[in-house]
Structure formats: C-alpha cells, structure tokens
Amino acid sequence: MFINKTKELIYHNIVAIILVLVFISIYIVSLRTDDVFLYFGATSMKYLNGEYYRWFTCLFLHYNFRHLLSNSASLLLVSSLLCSILGKWKTLFLFLSGGILSEIAYSFVISEQIYGIGASSGIFALIACLIVCYLRFPKQFHLVWYRPDVIILLIYFVFANSSVSSFLVHAFGFAAGVLISFIMVVTGLIKISD
C-alpha cells in the first residue's frame, strides 16, 4: 500500500520532481561561479540587451540553499494539489508561462541592474490557479484549509515576500496565474468533473 501511494505521488508530481532536480543541478553549478546569475538572471529592460531568454532561464536559478529549499518544497506542494486536476503538461505550462510573464513585467518595472531569479513567480502563478479552480469548482474541489500541505502553502504565500523586488515578482506571477487560469477555465482547458 505504501509503495502504491508513493508511486502515485511520484506519477502525479513528476513535473515538479524533474523541475526540482533541475533547480538543484543549476544551484550546484552556481556555487562554483556567480556568472550564472550575470548571464541568466532577469534584469531591467535597460540592461537586458535583447537577451530575452533570461525571462525563462531565471526561473531555474536560486540565490542560496534556503531559497532553493523553500521554492522546491512549495512547488512540490502546489503541484501535488494541482497536477491531479490539471495534468502534468498544463501544470508545467502554467508554471512556465506565469513565471515568464511575471519576469517580463518585472523587467519593465525595475530600472536598476538587479537580477531577478527563482521559481517563485511560476509558483505564485500555480497558487493563483489553485484559487481560481477552487472558486470556479467549489463542490468538485475537495480541499480543506486545515490540511498540512495547504497550511504550509499559505505560510509560503504570506511570508515569501522578503523584499520589494520579491513582492513585485510574486504579485506579477500571481496576476499572470489568475489571467492564464481564467482563460483556461473559460475556454474549457481546465474543467473538473463531478
């Protein structure tokens, strides 16, 4: 029974597990050189110099181990709540598109050469999708607020904003997640059966 539950958990969270493994691999590389942040972190439009790939690559970078650990745990938690509803590919799409849209907005707002990095913009897009799904399908969405994974996710949502920069990226990620999720619900790409 335990083995079957573990297999099911891995199956539903395979996208998040692969993303976390990529985060860890890139973090190990970044320990050897800070150039990873200089060449792959998002920055303001003034300093971007046409390197638009940074809006994608920055989603996989993390400043320190605590940053890596909190984003990895949060991604695994929100993925475990969403993947069974959305499926693996829609979850990945929402994570990447929400994160990229957030980083684009961030590049237009900041004026300094600050490097925006981390998966939290995509995670906040997934949290927004979770809320949109819960509001749209309240009867079919069997989720209670006092579950440990939901409580941990709420704590992350509230306390992950350690600076103005992180607040902006998280807010943009959440807004992108609401927008993308709403479009997916309206077009029928997200539906939860009775």
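This is a predicted model: local features need pLDDT of at least 70, side-chain atom pairs count only at pLDDT 80 or more; totals for chains, interfaces and linings use all residues.
Is Arg54 buried or exposed? Its relative accessible area is 4%, so Arg54 is buried, the cut-off being under 20%. Setting aside neighbours within four places in sequence, Arg54 is in contact with the run Phe37, Leu38, Tyr39, Phe40, Gly41 and Ala42, and also with Leu48 and Tyr115.

## Helix 2 against helix 7

Next, a pair of helices. Two packed helices are described by the angle between their axes and the distance between the axes. For helix 2 and helix 7, the angle is about 45 degrees and the axes are 9 Å apart. Angles under 35 degrees would count as roughly parallel and those from 65 to 115 as roughly perpendicular, so helix 2 and helix 7 are oblique to each other.

Which residues in helix 2 and helix 7 meet? Helix 2 brings Ile14, Val15, Leu19 and Phe23, while helix 7 brings Lys88, Leu92 and Phe95. By class, this contact of helix 2 with helix 7 has 6 nonpolar residues, no polar ones and 1 charged.

## The cavity

Rolling a probe the size of a water molecule over the atoms shows where empty space is left. Across the whole structure, the search finds 1 cavity of 30 Å³ or more, and the largest cavity has a volume of about 30 Å³.

Some names from the helix contact return here. Val15, Leu19, Leu92 and Phe95 are among the residues that line the largest cavity, and these four also take part where helix 2 meets helix 7. The rest of the cavity lining is made up of Ala16, Leu75, Ser79, Thr91 and Leu126. Helix 2 (14-32), helix 6 and helix 7 (88-109) each supply at least two residues of this lining. The cavity lining divides into 7 nonpolar and 2 polar residues, with no charged ones.

## The largest pocket

Finally, there is an open space to explore. The largest pocket has a volume of about 420 Å³. Its lining comprises 21 residues, and those nearest the centre of the pocket are His67, Ala160, Ser162, Ser166 and His170. The elements giving two or more residues to the pocket lining are helix 6 (65-86), helix 9 (148-159) and helix 10 (164-186).

How many residues of each class does the lining of the largest pocket have? There are 11 polar, 9 nonpolar and 1 charged.

Conventions
Residues are numbered from 1 along each chain as its sequence is written. Side-chain values use heavy atoms; hydrogens and water are left out. On a 1 Å grid over the protein atoms alone, a cavity is a set of points where a 1.4 Å probe fits but cannot get out, and a pocket is an open set with protein on both sides within 12 Å along at least five of seven lines; lining residues have an atom within 4 Å of a point. Grid points are joined across faces, edges and corners, and a volume is the space filled by probe spheres set on the points. Ala, Val, Leu, Ile, Met, Phe, Trp, Tyr, Cys and Pro count as nonpolar, Asp, Glu, Lys and Arg as charged, and the others, Gly among them, as polar. Axes are lines fitted to C-alpha atoms, for helices over the stretch in contact, and angles run from 0 to 180 degrees between N-to-C directions. Angles under 35 degrees count as roughly parallel, over 145 as roughly antiparallel, 65 to 115 as roughly perpendicular and the rest as oblique. Contact means heavy atoms within 4.5 Å. Buried means under 20% relative accessible area, exposed over 50%, partly exposed in between (1.4 Å probe, protein chains only).
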